[in-house]
Structures are given as structure tokens and as C-alpha cells.
Amino acid sequence: MAGILLVEDDPSVRTGLELALSRQGHSVTSYASGEEALDHIRSRRPEIVILDVMLPGIDGVEVCRRIRRMDQLPVILLTARGDDLDVVVGLEAGADDYVVKPVEPRVLDARIRAVLRRVESVASDRITFGDLVVDRGALKVSLAGREIHLTPTELRLLLELVRHPGQVLNRRYLLRAVWDHTHVADSRLVDACVQRVRAKIEAVPAEPDFIHTVRGFGYRFSPP
């Protein structure tokens with residue numbers, strides 16, 4: 001069971017998803033606008049946000065950006081079929097996952113549970129790579145003594161990469177390990193998340209010291 005904040009301006013879609021997710025055992029609070037959702041988060045933090053991209057007023061991508069400025073709570077985007085640009089922009093804004101409309105409630109429930117498993121995933125070791133320290137027990141990352149704030153998905157991706165230093169991990173493997181996905185078309189989830197992690201841990205993201213791209217294959221964690 002999760003405390004879900006659902007943000008969807010279409011009344012029929014909002015009601016249907018709220019009912020379906022409630023039947024799965026979740027506690028759902030829903031709003032029709034991003035402004036209302038942001039006010040709710042400031043006063044009562046949910047466990048996860050389900051966010052429609054196309055919202056009146058502040059759109060879903062901007063809501064996601066504002067959430068990231070104040071919190072690292074998980075965000076799943078709801079996007080219309082074929083809106084690839086919205087998906088990419090939303091992922092770059094910090095979303096953890098996305099589901100294409102029309103939404104199948106069982107698929108959304110599975111995605112919610114997968115994202116929340118990343119939050120709960122804990123190991124018991126502390127790994128040091130030069131100035132980069134990954135504390136899996138405390139779920140904290142620091143660089144040169146400064147704490148780096150990662151979303152649960154970003155942290156899960158980094159943990160997966162540091163588990164295999166020097167090895168090339170392809171996008172399909174990372175999709176299964178981090179997102180519990182198997183559809184290769186979702187590989188943009190991996191690319192967008194890698195970009196966000198690089199922006200936080202690399203001195204020069206375009207010339208990374210830690211996470212290297214192996215063209216045509218995937219990514220390799222190779223600390224200096």
C-alpha cells in the first residue's frame with residue numbers, strides 16, 4: 001500500500017484511476033492541477049506522485065521540476081501515446097518512469113510498486129571510489145565530502161553501475177535491473193537517468209570521469 005498523489009485534469013480518467021488504485025490497496029489523493037498538487041506536497045508529503053504531462057496552468061513537466069527543487073520523492077508521468085518529446089523532457093526534468101495513455105491500471109500499479117521497491121532497496125556496504133562515496137546502508141552519496149542528493153531511481157542506477165566496475169552494462173540489462181522493464185523502446189529512461197546522475201556527480205558531465213558511454217553497447221562505471 002502506498003500514499004499516492006494523483007494529478008490528472010480529466011475527471012473521468014482521474015476518477016477511474018483513483019478507484020482502480022484504491023482497489024489495489026493504495027491510499028490515493030487526487031487533484032486536477034499542478035498548483036494544488038504542489039501545495040499538497042508542501043503540507044503533506046506523499047510516497048509517490050502520478051503526474052499527467054498535459055495539465056492546465058503549470059504543466060506536468062514544470063510540476064516535476066518544482067518537485068525536484070524541494071524533494072526527491074518518486075514521480076511517474078502519464079503521457080499521451082506518441083508524445084515522445086514530452087517523455088524525454090519529463091525524464092530530463094527528473095521523472096522516474098512514465099506510463100502511456102490510455103492507462104491500464106494493472107500496468108500503473110506494477111510501475112508504482114517497482115519504483116517504490118527502489119526506495120526500499122537497501123544494502124549494507126560503503127563503497128569508495130576516490131572522492132566519490134556510495135553508502136548503500138544509509139542510501140547516501142557524497143563527492144569530496146559534499147552530500148549528493150539523488151532520486152531513488154538515480155540512486156538505484158548508480159548502485160547498479162558501481163556493483164560492476166569496469167563492466168559494460170547494456171541498456172536492456174539496466175532497464176530490467178533498475179526499472180523492472182523489458183521493453184527495449186524504454187531505453188530512453190536509461191539515457192535520461194544517466195544524464196541526470198552525471199550532472200550531479202561529474203565535474204564536467206560532457207567529459208565524465210565515472211560513468212562512460214560505450215557507443216553501441218551501453219554504460220561502464222570506470223572511476224579514475
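Q: Are Arg-196 and Glu-154 buried or exposed?
A: This is a predicted model, in which local features need pLDDT of at least 70 and side-chain atom pairs count only at pLDDT 80 or more, while totals for chains, interfaces and linings use all residues. Residues are numbered from 1 along each chain as its sequence is written, and side-chain values use heavy atoms, with hydrogens and water left out. A residue is termed buried under 20% relative accessible area, exposed over 50% and partly exposed in between (1.4 Å probe, protein chains only). On this scale, both Arg-196 and Glu-154 are buried.

Q: How many residues apart in sequence are the parts that Arg-196 and Glu-154 tie together?
A: The side chains of Arg-196 and Glu-154 meet in a salt bridge at 2.7 Å, N to O; the term requires a side-chain nitrogen of Lys or Arg within 4 Å of a carboxyl oxygen of Asp or Glu. Helices (H or I, at least four residues) and strands (E, at least two) are DSSP runs numbered from the N terminus. Because Arg-196 lies in helix H8 and Glu-154 in helix H6 (residues 152–162), the parts tied together are separated in sequence by 42 residues.

Q: In which helix does Arg-68 lie?
A: Arg-68 and Asp-96 form a salt bridge of 3.0 Å, N to O. This pair links distant parts of the chain, 28 residues apart. Asp-96 is in the loop between helix H4 (84–92) and S5, whereas Arg-68 is in helix H3 (residues 60–70).

Q: What is the distance from Arg-14 to Glu-18, the nearest side chain of opposite charge?
A: Arg-14 is found in helix H1. Lys and Arg count as positive and Asp and Glu as negative, while His and the chain ends are not counted. Arg-14 is buried yet has no salt bridge, and the distance to Glu-18 is 5.6 Å.

Q: How are the rings of Phe-129 and Phe-221 arranged?
A: By the rule applied here, rings of Phe, Tyr and Trp (its six-membered ring) pair if their centres lie within 6.5 Å; planes under 30 degrees apart count as stacked, over 60 as edge-to-face and the rest as tilted. The count comes to 2 aromatic pairs. The centres of Phe-129 and Phe-221 are 4.9 Å apart and their planes stand at 70°, so the arrangement is edge-to-face.

Q: Is Phe-221 buried or exposed?
A: Phe-221 lies in strand S12 (residues 218–221) and Phe-129 in strand S6 (residues 126–129), so their pair ties together parts 92 residues apart in sequence. The relative accessible area of Phe-221 is 0%, so this residue is buried.

Q: Which residues form one aromatic cluster?
A: Phe-210 and Phe-221 form a stacked pair, 6.0 Å centre to centre with 15° between the planes. Phe-210 is in the loop between helix H8 (187–201) and strand S11 (211–214), 11 residues from Phe-221. The residues of the cluster are Phe-129, Phe-210 and Phe-221.

Q: Which strands are the edge strands?
A: Two strands pair if DSSP finds at least two bridges between them. An open sheet of 5 strands has the order S2-S1-S3-S4-S5, with parallel pairing. Each edge strand pairs on one side only, and these are strand S2 (27–31) and strand S5 (97–100).

Q: What is the bridge partner of Leu-77 in S5?
A: Strand S4 (residues 75–79) runs parallel to S5, and 4 bridges join them. Across to S5, the bridge partner of Leu-77 is Tyr-98.
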